[in-house]
Structures are given as C-alpha cells and as structure tokens.
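Please keep the sequence and the structure in view while reading.

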Amino acid sequence: MRAGAFLYPWDVDGDPAAPALLAELGLAQVTLAAAYHSTRALSPRHPAHRIVTAEHAAVLYPPDPDRWAGRALRPYPAGEWAPGDSYGRAAEALAGTGLDVHSWVVLAHNSRLGAEHPDTSVVNAYGDRYPWAPCIARPDVRALLVGLAAEAAVRPGAAGTELESCGWYGLAHLHAHDKTSGIPLGEREQLLMSLCFCPSCREGYGNGGADPDELAAAVRHALAPVWSGTGPARGPGDLEAPALAWRAATARSFQEAAVAAVRAAAPPGFRILLHADPDPYRCGADAGTDPAHVLALADGVVARPPRLAAFAAHTRPGTVLAANLSVVTGMGGAPGNLAHDAERARDAGATELRLYHAGLASDGDLEAVRTALRKWGPTSP
C-alpha cells in the first residue's frame with residue numbers, strides 16, 4: 001500500500017541531508033505544504049534552526065501578481081520562515097530522490113485575513129467573530145479561496161494536491177493560549193457554536209426558509225443548558241433542517257468550484273484529494289462532505305481511519321482513500337504501532353497511507369516508520 005508523509009518546506013529547504021533521509025524511510029510520496037496557516041513548529045534535524053514560527057497564514061511560494069492584481073483579498077506571502085520560493089526549492093530537492101511531490105493546500109483557515117478584513121469571518125449566534133475561520137458563503141471569500149486552490153495546488157513538479165479545510169471552519173481551533181475547554185462541548189454543541197450569522201449566511205438561511213433572527217435565538221436557547229450546567233444542548237427546532245441544508249449545499253458548491261479550478265489549471269493525470277469527513281455538517285480541517293458527492297468530484301479523500309468506512313461504500317476504480325495516521329509520539333501518535341494501524345486502515349477500506357508528520361517526528365519516530373514500512377513491503381502503487 002502506497003505511503004506518503006506530510007512535510008513543511010522549511011524541513012527540507014536549506015538541509016541537504018533531508019531528502020535522502022525521507023526517501024530512505026520507504027515512502028513513495030511527500031505531501032508538501034504550499035499554502036498553510038500560522039503555526040509554531042519543531043524542526044528537529046535542520047542544521048540552521050529548531051523552531052519555526054510561521055506568524056500568519058501564507059503561501060510558501062511567490063504568488064502570481066497578475067492573478068491577484070486589483071483584488072482586496074489575496075494570499076499573503078510568507079515571511080522569513082519560508083522566503084522566496086521555499087516550496088519550489090524543497091520540491092525540487094525531494095523530486096531528485098525519486099519521491100513524488102504533491103502539494104498541501106490549506107483553504108478556509110486564515111487568522112490574518114480575519115484580523116485585517118473582519119467582515120470575511122464566521123460570526124456565531126452571539127455575534128462573536130471567528131477571525132481564523134473565513135466564511136465560505138461570502139462571494140469575495142469564495143473567489144479568494146478558489147483562486148488560491150488553483151494557484152497553490154498546481155505548483156511546478158507537483159503530481160497532485162491535497163486540499164485541507166475545503167469547507168466550513170468553525171469554533172474548534174488550536175489557538176495560542178487557548179482557554180475554551182472549561183465547559184466540554186460535544187459534536188452538537190460544536191456545530192451550534194459554528195453556525196455562521198454573517199450577512200451572507202443570514203441571507204442564505206432566509207432564502208432556505210429559516211428566519212435568521214429566529215434561528216440565532218433558537219441556537220442561543222438550545223445552548224443555554226450547556227452554559228448553566230443543567231444539561232446538553234437541545235436542538236434548535238424546526239429551523240435546524242433548512243439551515244443545515246443550506247450550509248451543506250454551500251459547502252458542496254464551494255468544493256465543486258475549488259476542484260474545478262484546480263482541474264482547469266492542472267495537467268492531465270493530476271490527482272486531487274480532499275481532507276474530508278463523511279458528516280456533511282462537520283467543520284474543520286477535515287471538512288464535512290457527502291461521501292458519494294465528494295468521491296464523484298475528486299480523485300479521493302484523506303481521512304481519519306474511523307471515518308474511512310463511510311467513504312469506502314462509494315469508491316470506483318482508481319479512487320484513493322488515504323488513511324491519516326499520526327507518527328509523532330509527542331503529539332499522541334504511535335509509530336511503533338504503524339504496521340498494525342495500517343492493517344486496520346486497509347481493512348476499513350484504505351488504499352494508501354498518509355503519515356503525519358515527517359518533519360515534526362523525532363529520529364526515533366522515523367526509525368519506527370522505517371521499520372514498519374519495511375515490514376509492510378513495497379510502497380509504490
């Protein structure tokens with residue numbers, strides 16, 4: 001079963017030893033970040049640094065000035081953490097070892113965009129803005145993200161792309177010094193806190209038959225027991241179905257537009273995968289999708305192993321179901337169990353593996369990966 005690993009350009013750019021180290025793990029592919037959100041990342045083997053602070057969401061290559069000329073919303077170039085065409089230099093070095101390079105593109109997750117253009121953000125039922133979460137119902141946001149998908153995905157030398165956050169983002173966010181876990185929120189509570197009430201969403205709810213003011217009040221009423229500690233969230237009543245139907249349709253149309261833009265820009269045979277969840281209402285990096293729809297649209301998905309079975313029922317010849325497995329012990333991964341976890345993922349329908357994350361992993365973690373992939377056998381198709 002083909003195995004690939006996620007990587008940042010700064011894990012390779014400026015480190016002559018990195019490409020060979022990665023190739024020797026037994027990987028067939030590297031999924032290399034071309035557009036990524038803000039982060040603080042460990043880079044344990046680089047000769048010039050150990051901690052990389054990406055201060056804001058950015059493209060890790062020079063954006064095309066002609067594409068973005070005259071547009072208020074445009075991608076932000078990276079700073080010193082990925083100068084110039086850091087992606088291109090890393091991709092070229094990796095390709096020189098025989099590894100396939102696919103781009104990794106994060107879409108609806110951009111805190112700097114929300115800080116500089118507040119009107120682009122998701123707004124919850126209490127009026128609070130989520131600056132990390134661009135609202136995909138807004139025409140200007142959709143135009144930005146669809147254009148970004150095409151530009152960042154189809155980088156020179158890339159054989160395919162994996163689109164993350166290609167759908168709704170919401171409350172859940174690994175924010176600096178986060179203080180939101182005092183009251184545990186389950187899936188229903190997360191969804192209710194993620195419903196957007198910006199002007200575009202309010203119009204959409206109204207067109208779908210859900211009065212936006214009544215819906216916001218119903219959401220607040222449904223969440224009241226959570227804040228008082230008297231019980232879980234209730235449902236918002238008859239307004240829930242039309243509101244969720246509109247959100248699902250919005251996500252579907254955004255995914256269709258993003259994939260179509262990438263296909264129009266890409267050469268023949270270019271492979272497009274979405275980081276996806278089979279619950280169409282889920283928000284986050286693994287965007288909610290309808291499995292039948294997304295697998296008719298894209299070439300496959302990257303998903304957590306427990307969610308793979310829902311996609312497996314809708315595959316066709318050539319569909320890719322890539323199981324996303326963590327191999328960083330310090331982040332809760334279990335690289336020592338990789339062979340066992342890969343077997344279980346294959347039983348659930350996986351056709352490939354994605355290992356998160358080769359650049360963040362310790363030497364010991366990578367040795368466990370190397371051992372597991374040797375036991376597994378050839379990783380090429």
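## Basis and a first contact

A polar contact is a pair of N or O atoms within 3.5 Å; within protein, one must be able to donate a hydrogen and the other to accept it, and residues adjacent in sequence count only if both atoms are side-chain atoms. By that rule the side chains of R2 and Q29 are joined by a polar contact of 3.3 Å.

The model is predicted: local features need pLDDT of at least 70, side-chain atom pairs count only at pLDDT 80 or more, and totals for chains, interfaces and linings use all residues. Residues are numbered from 1 along each chain as its sequence is written, and side-chain values use heavy atoms, with hydrogens and water left out.

R2 sits in strand 1 (residues 2-7). Helices (H or I, at least four residues) and strands (E, at least two) are DSSP runs, numbered from the N terminus. R2 counts as buried because its relative accessibility is 8%; buried means under 20% relative accessible area, exposed over 50%, and partly exposed in between (1.4 Å probe, protein chains only).

## The chain as a whole

The chain holds 13 helices and 14 strands. Its radius of gyration is 21 Å, close to the 21 Å that the globule rule gives for 381 residues, so the chain is as compact as a globular protein of that length. The radius is taken over C-alpha atoms, and the globule rule is 2.2 Å times the number of residues to the power 0.38. Along its principal axes, the C-alpha trace spans about 60 × 50 × 40 Å.

Of the 381 residues, 55% count as buried. The chain exposes about 15,500 Å², with carbon and sulfur atoms supplying 54% of it; accessible areas come from the Shrake-Rupley method with a 1.4 Å probe, and for residues only the protein chains shown count as cover. Among contacts (heavy atoms within 4.5 Å) between residues at least 6 apart in sequence, 72% join residues at least 24 apart.

## Salt bridges

Side chains of opposite charge can pair when their charged atoms come close. A salt bridge here is a side-chain nitrogen of Lys or Arg within 4 Å of a carboxyl oxygen of Asp or Glu, and the count by this rule is 20. One of them joins E116 and R112, N to O at 2.8 Å. Both residues lie in helix 4 (residues 111-116), four residues apart, or about one turn of the helix. E116 is partly exposed because its relative accessibility is 43%, and R112 is partly exposed at 28%.

Another salt bridge pairs R271 with E352, with the closest N and O atoms 2.9 Å apart. R271 lies in strand 10 (residues 271-277) and E352 in strand 14 (residues 352-356), so this pair ties together parts that are 81 residues apart in sequence. Both R271 and E352 are buried. A network of salt bridges links R2, D100, E162, R271, E352 and R354.

What makes strand 10 largely enclosed by the rest of the structure? Seven of its seven residues are buried, so the strand is largely enclosed. On one side are R271, L273, H275 and D277, and on the other I272, L274 and A276.

Two strands pair if DSSP finds at least two bridges between them. Strand 10 pairs in the parallel sense with strand 9 (residues 160-164) over four bridges, and E162 stands opposite L273. Strand 10 and strand 12 also run parallel, joined by three bridges, and L274 has V301 of strand 12 as its bridge partner. With strand 11 (residues 287-288), strand 10 pairs in the parallel sense over two bridges; there D277 stands opposite G288.

D277 also forms a salt bridge with R307, the closest N and O atoms being 2.9 Å apart. R307 lies in the loop between strand 12 (300-303) and helix 11 (308-312) and D277 in strand 10, so the pair ties together parts that are 30 residues apart in sequence. R307 is partly exposed, with a relative accessible area of 26%, whereas D277 is buried at 5%.

## A93 in helix 3

A93 is placed in helix 3 (residues 86-95). Its relative accessible area is 33%, so A93 counts as partly exposed. Leaving out residues up to four places away in sequence, A93 touches V12 and P19. A93 and A137 are 44 residues apart in sequence and 39 Å apart in space, C-alpha to C-alpha.
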